[in-house]
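Hi everyone, thanks for coming. Please have a look at the structure on the screen, and I will walk you through it.

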Amino acid sequence: MYFKPFTEIKMILIKTIHELTILLEIERQQNRSIGFVPTMGALHAGHLALLNAAKLQAGCSVCSIFVNPTQFNNAHDFEKYPITIEKDIDMLEANGCDILFLPPITEIYPEHHRTKIYDLGYIETVLEGTFRPGHYQGVCQVVDKLLSIVAPDKLFLGQKDYQQCMVIRKMLEIEPHIAEVVIVPTVREADGLAMSSRNLRLNIQQREKAVLVSRTLFNIKETFKPGPTDQLQSSAVEALVSHGFKPDYVAIADAVTLEPIGNWNGNTPAVALIAAYMDDIRLIDNVLLN
Ligand code: AMP
């Protein structure tokens, strides 16, 4: 077995809140700002883009890996969630992460923890909220908890999960965290497929077809113009269905509120979002339209 010499080990791996708190206090005393990247592991270049942004914009980069059970509304999806922890640790270390927080479940949800309910309003009732009830409450529980532990200056989130970014911004209006949200553009494979940990579950045939999600979004972007949007959305659904997808939604929405745009005025910032099943694998993606 090969062990790296101690001098080559740059990243510190921490499993307890207590140790992390001590370490981050030292960072703050050295006047280093903290950039935080929460993840569920099975890391890819999309996660690394968040880490790179954190390294550029903060003095100390902290990544967490925690597969949060409370945000899975489907037990099968949770069981099948890919775990590649050794590879993840190597990737983070090779890409200059300063601290990896890898908590066991008892650190995040101790036996008598109190489940908070977040008043997120409209934004958690639409799109993902409709098809994954409770999902964003689970996301807020874990992000709120991680933010109270890490107390970062900046929180780095991927545009890939667009609604999640908007939900977390809303949560930050309610909860007293100092973190500023930085949204990092979606990293894509060469053919346009948005990188995602779930892509690991696609077989060769599914992977070939999966590119249609991003292609459909780019088609919407190319043809988007002021006026009614229904035709654009229904042709997108047809294209997906004809290639064997089961779409949960194809939506054109206000990029801030996520309210549907039925008739675009040519000015409102807009986003197109898709969630669709390829067999039992659910893919989501989005593009900003203007
Ligand atoms: P996850 O591990 O899937 O919970 O994702 C952790 C963070 O990485 C979230 O902020 C995601 O939005 C972000 N992320 C996931 N995939 C991508 C991607 N392809 N490009 C940019 N960010 C991503």
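**A walk through the model**

Let's begin with an open sheet of 3 strands, in the order β8-β10-β11, with antiparallel pairing. Its edge strands are β8 (245-254) and β11 (281-288), each of which pairs on one side only. From one strand to the next, the twist averages 10°.

Before I go on, a word on where this comes from: it is a predicted model, in which local features need pLDDT of at least 70 and side-chain atom pairs count only at pLDDT 80 or more, while totals for chains, interfaces and linings use all residues. Residues are numbered from 1 along each chain as its sequence is written, and side-chain values use heavy atoms, with hydrogens and water left out.

Helices (H or I, at least four residues) and strands (E, at least two) are DSSP runs, numbered from the N terminus. Two strands pair if DSSP finds at least two bridges between them.

Strand β10 (residues 270-278) pairs with β11 in the antiparallel sense over 8 bridges, and Y277 stands opposite R282 in β11. Strand β11 also holds N286. Is N286 buried or exposed? N286 counts as buried, at 2% relative accessibility; buried means under 20% relative accessible area, exposed over 50%, and partly exposed in between (1.4 Å probe, protein chains only). The N286 side chain reaches the backbone oxygen of K160 at 3.2 Å. That is a polar contact: a pair of N or O atoms within 3.5 Å, where within protein one must be able to donate a hydrogen and the other to accept it, and residues adjacent in sequence count only if both atoms are side-chain atoms.

Now to another sheet. Here 6 strands form an open sheet with parallel pairing, in the order β1-β4-β3-β2-β5-β6. β1 (12-14) and β6 (180-184) are at the edges with a single partner strand each, so one side of each has no neighbour in the sheet. On average, neighbouring strands here are turned by 25° against each other, direction ignored. β2 and β5 run parallel and are joined by 2 bridges; G35 has K154 in β5 as its bridge partner.

Next, the ligand. How many residues surround the ligand? There are 16, and the closest are M40, H47, D161, V187 and M195; a residue is near if one of its heavy atoms lies within 4 Å. By class, the shell has 8 nonpolar, 6 polar and 2 charged residues. β2 (34-39), α2 (45-57) and β5 (154-158) each supply at least two of the shell residues, and α2 gives the largest share, 3 residues.

What about polar atoms? A backbone N or O atom of M40 is 2.9 Å from a ligand oxygen atom, and a polar side-chain atom of H47 also lies 2.9 Å from an oxygen atom of the ligand. A polar backbone atom of M195 is 2.8 Å from a ligand nitrogen atom.

One last stop: backbone angles. Most residues other than glycine have a negative phi. A42, in the loop between β2 and α2, has a positive phi of about 50° although it is not a glycine. A42 counts as buried, at 4% relative accessibility.

Technical notes. Ala, Val, Leu, Ile, Met, Phe, Trp, Tyr, Cys and Pro count as nonpolar, Asp, Glu, Lys and Arg as charged, and the others, Gly among them, as polar. Axes are lines fitted to C-alpha atoms, for helices over the stretch in contact, and angles run from 0 to 180 degrees between N-to-C directions.
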